[in-house]
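Hello,

Here is the structure I promised to pass on to you. Please open it first, and then read my notes below.

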Amino acid sequence: MTAHVDTFARDRLPPAAQMPELLFELPELQFPARLNAATELLDKRVAAGEGGRLCIQGDRVRWTYADLLAQANRIAHVLVQDLGLVPGNRVLLRGANSPMLAACFLAVFKAGGIAVGTMPLLRARELKGIVEKAGITHALCDSRLLDELDLAAPDCPTLRHRMSFVDGTLEAAAAGKPATFDNVDTDAEDIALMAFTSGTTGVPKGTMHFHRDLMAACACWPPHVLRPVADDVFIGSPPLAFTFGLGGLLLFPMSVGASTVLIEKASPETLLPAIAKYRATVCFTAPTSYRAMAAQVPQHDLSSLRKCVSAGEALPAATRLLWQEATGIRIIDGIGSTEMLHIFISADEAHARPGATGVPVPGYVATLLDDAGQPVPRGQVGRLAVKGPTGCKYLADERQAAYVQNGWNLTGDAYRIDDDGHYVYQARTDDMIISGGYNIAGPEVESALLLHPAVAECGVIGQADAERGQIVKAVVVLRPGHAPDAAMVKTLQDFVKQTVAPYKYPRAIEFREALPRTETGKLQRFRLRQENT
Ligand code: 3UK
């Protein structure tokens, strides 16, 4: 029985026939019918006598589990008493990563609301799209990011209650509230989170996740692959609005009683000093960030660091190597998606192999399908399909039928399984380049280019070509001290021909100062493509 009074989100779940099939075989995936993620992650830890353990650090903030519990409870009271929240309402959360933003997420879960994280850089137009789609009723917003929300507000009739934090408004309202709160007794299948995909084109897709989904993600990849301990100190760059960050920097550390460091704008330049300052042990960031940080490693004391996680896009073998040479640490790669909530194929340090993502995480199964939906023979490239305890549930979206087919979640990625059962990433299916009849995966050409010492970053796309259909085109950012001239084009082309099958070499190379990336560090190949048509 749902605890939601406002059933807007529930009413917009996909039809039963389009729901993903769910697997709950592991003993740790036996969940009760009533489940509130905040109770599990926070209240229970304090009730077990561990309230004195360090939980969240940030700029001039050091909260224990008991501190976070009190703060989340107070904010939950503000939501319910002052802002009239009823269970099932959607609460937009907007802010840079910080302890306060984390407390807001937990407060929403406690009050039975639905947390809708938004990327700090979103502009009014994009915010409006999310508010409309999700029927947002409430917003808690970092005061420094109010401008764009205020711009959007007149066009957002459902958004009835707004309150800012950082400027002291929410903080003051919370200070006047009791430090205890009776969490709403949510159904395990009540929606707790709506995460919007970074969306390259068109209307953004809202993925919905139950309270149980949050706990299922905590039960799969972390204990089986990451294996964190209670003394770990987590740190990293992904925003809490991105499920990679929400899991890695909040849910997972809390699920083992560890602590997390939430810093604003964790760029490569700020992340390394922060690791040293907080003596962080587990780091989450994107492949490009590891690549950018590798050169600066010697200037920092990273002796505390023991585990590094990469996700968001494929980890090139060259980047893995650079980081291992700089730190001695083997990166844990993992593919996850907003739809699946978190990582479902990965390999720990001992099983990591350059160029491969890993194997299905316990709790998940995977297969590779051809265009007719049949499994491809071993060794051949196919469309990745996965199933597990979490799955895609778009908010009122026709595209559900494309992501979920026959119960499988189709992530849109092309993969190959090697002789040892490791999943080797090829490309997004729509990024595959077809040139002169050959299928070429852009990321493979990128990996080859990244092995060349002159290459800082690169992106490889298919460019329309009258003769070949498409040709392989590389957009390259050079390291300082290298000239972007015809000789360099030739050098890089020859280099690729020696590294991978020669027909894959980039027939066109363009040099640039920077590549277009999302806020989560993903290369925007579609933008490179648009600029090349
Ligand atoms: C790509 C990867 C190769 C892949 C995410 C971890 O990235 C996350 O979610 P998004 O919805 O994007 C999903 C797509 O990104 N991708 C992600 N990781 C890898 N490709 N190797 C990887 N290791 O195309 C996937 O379909 O933004 C990642 C946890 C939570 C997440 N939301």
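In the lining of the largest cavity, β7 (191-196) gives the most, with three residues. This is a predicted model: local features need pLDDT of at least 70, side-chain atom pairs count only at pLDDT 80 or more, and totals for chains, interfaces and linings use all residues. Residues are numbered from 1 along each chain as its sequence is written, and side-chain values use heavy atoms, with hydrogens and water left out.

Back to the cavity. β7 (191-196) and α9 (243-255) each supply at least two lining residues; helices (H or I, at least four residues) and strands (E, at least two) are DSSP runs, numbered from the N terminus. The lining consists of Phe-105, Gly-117, Leu-193, Met-194, Ala-195, Leu-240, Ala-241, Thr-243 and Leu-246. By class, seven of these are nonpolar, two are polar and none is charged. Here Ala, Val, Leu, Ile, Met, Phe, Trp, Tyr, Cys and Pro count as nonpolar, Asp, Glu, Lys and Arg as charged, and the others, Gly among them, as polar. The volume of the largest cavity is about 30 Å³, and the count comes to one cavity of 30 Å³ or more.

On terms: on a 1 Å grid over the protein atoms alone, a cavity is a set of points where a 1.4 Å probe fits but cannot get out, while a pocket is an open set with protein on both sides within 12 Å along at least five of seven lines; lining residues have an atom within 4 Å of a point. Grid points are joined across faces, edges and corners, and a volume is the space filled by probe spheres set on the points.

Next, the second largest pocket, with a volume of about 1,000 Å³. It is lined by 40 residues, and the closest to its centre are Lys-265, Ala-266, Ser-267, Pro-268 and Glu-519. The lining divides into 21 nonpolar, 10 polar and nine charged residues. The bounds come from an automatic or database domain assignment, and the C-alpha centres of the two domains are 43 Å apart.

Now the aromatic rings. There are 12 aromatic pairs, where rings of Phe, Tyr and Trp (its six-membered ring) pair if their centres lie within 6.5 Å; planes under 30 degrees apart count as stacked, over 60 as edge-to-face and the rest as tilted. Phe-344 and Tyr-364 make a tilted pair, 6.4 Å centre to centre with 45° between the planes. Phe-344 is in strand β14 (residues 343-346) and Tyr-364 in the loop between β15 (359-360) and β16 (365-369), so the pair ties together parts 20 residues apart in sequence. Both Phe-344 and Tyr-364 are buried (under 20% relative accessible area; exposed is over 50%, partly exposed in between, with a 1.4 Å probe and protein chains only).

Tyr-438 and Tyr-503 are stacked, at 3.8 Å centre to centre and 15° between the planes. Tyr-438 is partly exposed, with a relative accessible area of 43%, and Tyr-503 is partly exposed at 31%.

Happy exploring!
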